[in-house]
Amino acid sequence: MLRICVALFVLATCWAQDCQVANIPVMQNFDKSRFAGKWYAVAKKDPVGLFLLDNVAATYVIDESGKMTANAYGRVIILNNWEMCANMFATFEDTPDPAKFKMTYWGAASYLQSGNDEHWVIDTDYDNYAIHYSCREVDMDGTCLDGYSFIFSRHPTGLRPEDQKIVTDKKKEICLLGKYRRVSHTGKSLYLFIWKWKVRL
Ligand code: DAO
């Protein structure tokens with residue numbers, strides 16, 4: 001009897017959790033002008049072939065025509081363990097859903113990654129936390145085969161205790177609970193940037 005109950009509970013949990021990419025709930029009435037400004041990545045679910053390691057931050061800008069762009073940086077290791085600060089630039093194309101964008105990004109140097117990704121805002125209160133999501137490859141069953149997600153904070157020290165439960169519940173909703181690693185902010189990427197700049201002089 002106990003086994004049947006456990007099996008039913010597991011089944012019910014699976015049914016309750018819809019991991020289809022098409023059904024992932026995003027922020028309602030997302031207002032990109034309130035989202036503008038600097039966000040620190042405090043946790044990350046990596047994609048296959050991870051790139052940005054730590055000291056990751058993104059600054060979103062909305063121009064007079066309403067177009068969103070972003071500058072981002074972070075510590076990366078490329079080409080035979082060469083550690084550097086990657087500076088990235090991204091543009092965003094609006095879609096019918098205000099929380100879903102098509103992102104195109106470039107590295108400031110040719111050996112850095114560039115590409116096109118989805119950029120979805122799952123949830124934010126604009127002043128403290130934001131949950132970003134991008135699925136790069138959808139599996140045959142409609143779930144995400146390869147994707148990444150950043151938990152952003154307005155504060156480099158991390159999420160406020162009162163935001164942690166909200167973020168944990170959202171991680172569960174997007175089927176990524178337990179898949180994140182902490183992203184630290186040690187200032188190392190700024191140090192690397194200054195060091196490389198000095199070497200070039
Ligand atoms: O780190 O593995 C990875 C994926 C990195 C994608 C680069 C995105 C650059 C622009 C970031 C804007 C905010 C998400």
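**Entry 1: confidence**

I number residues from 1 along each chain as its sequence is written. Where pLDDT is low, predicted coordinates should not be read in detail.

**Entry 2: overall layout**

I looked up the secondary structure and found 4 helices and 9 strands in the protein chain. These are DSSP runs numbered from the N terminus, with helices (H or I) of at least four residues and strands (E) of at least two. Along the sequence, I read the pattern α-α-β-β-β-β-β-β-β-β-α-β-α. Of the 201 residues of the protein chain, 26% count as buried. I apply these cut-offs: buried means 20 or more other C-beta atoms within 10 Å of the residue's own, exposed means 12 or fewer, and partly exposed lies in between, with C-beta atoms placed from the backbone. Among contacts with a separation of 6 or more, 51% join residues 24 or more positions apart.

**Entry 3: the ligand**

Which residues are closest to the ligand? I found Phe51, Leu52, Ala58, Ala72 and Met88, within a shell of 14 residues; a residue is near the ligand if its C-beta atom, placed from the backbone, lies within 6 Å of it. β3 (68-78), β4 (82-94) and β8 (144-153) each supply at least two residues of this shell. By class, I noted 12 nonpolar, 1 polar and 1 charged residues. Ala, Val, Leu, Ile, Met, Phe, Trp, Tyr, Cys and Pro count as nonpolar, Asp, Glu, Lys and Arg as charged, and the others, Gly among them, as polar.

**Entry 4: Gln113**

In an unreviewed entry, UniProt lists Gln113 under "binding site"; such annotations may be inferred rather than shown by experiment. I located Gln113 in the loop between β5 (100-107) and β6 (115-124). Gln113 is partly exposed, because 14 other C-beta atoms lie within 10 Å. Leaving aside residues up to four places away in sequence, Gln113 touches Phe51 and Gly107.

I followed the pairing of strands, for which DSSP must find at least two bridges. β6 and β7 (residues 129-138) pair in the antiparallel sense over 4 bridges, and Asp123 has Ile131 in β7 as its bridge partner. Their hairpin has 4 residues between the strands, and Tyr126 in the turn has a positive phi of about 70°.

**Entry 5: two asparagines**

Are Asn29 and Asn55 buried or exposed? Asn29 is exposed, because it has 6 other C-beta atoms within 10 Å. I placed Asn29 in the loop between α1 (2-16) and α2 (32-35), with a positive phi near 50°. Asn55 lies in strand β2 (residues 54-62) and has a positive phi of about 50° although it is not a glycine. Asn55 counts as buried, because it has 24 C-beta neighbours inside 10 Å.

Technical notes:
Predicted model: local features only at pLDDT ≥ 70, side-chain atom pairs only at ≥ 80, totals over all residues. Contact = placed C-beta atoms within 7 Å.
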